[in-house]
Amino acid sequence: MPGSSGAPVLNDQWLPVALHHRSIPHPSHRNKWIANRGIRISAILANLKLHASKRNTDAVRIAELLEL
């Protein structure tokens, strides 16, 4: 649905594995959606760790809050 970005994507055991990123529209129907895309949480955490290792102050603070 429109506006779902940031919603958790759950696996079959109801564990969050990604964050909703965007919907893929149907090529010939303007208001019809055929798929959804998510960004894996592991990719988000890897990127956060990379930026924290480069001393990005915001990334360091977030990593500390998440106890990474």
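What follows is a short exchange on the sheet, the helix and one histidine.

Q: Before that, what kind of model is it?
A: This is a predicted model, where local features need pLDDT of at least 70 and side-chain atom pairs count only at pLDDT 80 or more, while totals for chains, interfaces and linings use all residues. Residues are numbered from 1 along each chain as its sequence is written, and side-chain values use heavy atoms, with hydrogens and water left out.

Q: OK, in what order do the strands of the sheet sit?
A: The open sheet has 3 strands in the order β1-β2-β3, with antiparallel pairing; strands are DSSP runs of E, at least two residues, and helices are runs of H or I, at least four, and two strands pair if DSSP finds at least two bridges between them. The edge strands, each pairing on one side only, are β1 (8–10) and β3 (33–40).

Q: And how many bridges join β2 to β3?
A: Strand β2 (residues 16–25) is joined to β3 by 7 bridges, and the partner of Ser23 in β3 is Asn36.

Q: Which strands does helix α1 touch?
A: Helix α1 (residues 41–53) packs on the sheet and touches β2 and β3, contact being heavy atoms within 4.5 Å.

Q: Switching topic, is His20 buried or exposed?
A: His20, which lies in strand β2, is buried, with a relative accessible area of 12% (buried is under 20%, exposed over 50%, partly exposed in between, with a 1.4 Å probe and protein chains only).

Q: What does His20 touch?
A: Leaving aside residues up to four places away in sequence, His20 touches Ser4, Ser5, Gly6, Ala7, Val9, Asn36, Arg37 and Gly38, and the His20 side chain reaches the backbone nitrogen of Ser5 at 3.3 Å.

Note on methods
Axes fitted to C-alpha atoms, helices over the stretch in contact; angles between N-to-C directions. Polar contact = N/O pair within 3.5 Å; in protein donor to acceptor, adjacent residues only side chain to side chain.
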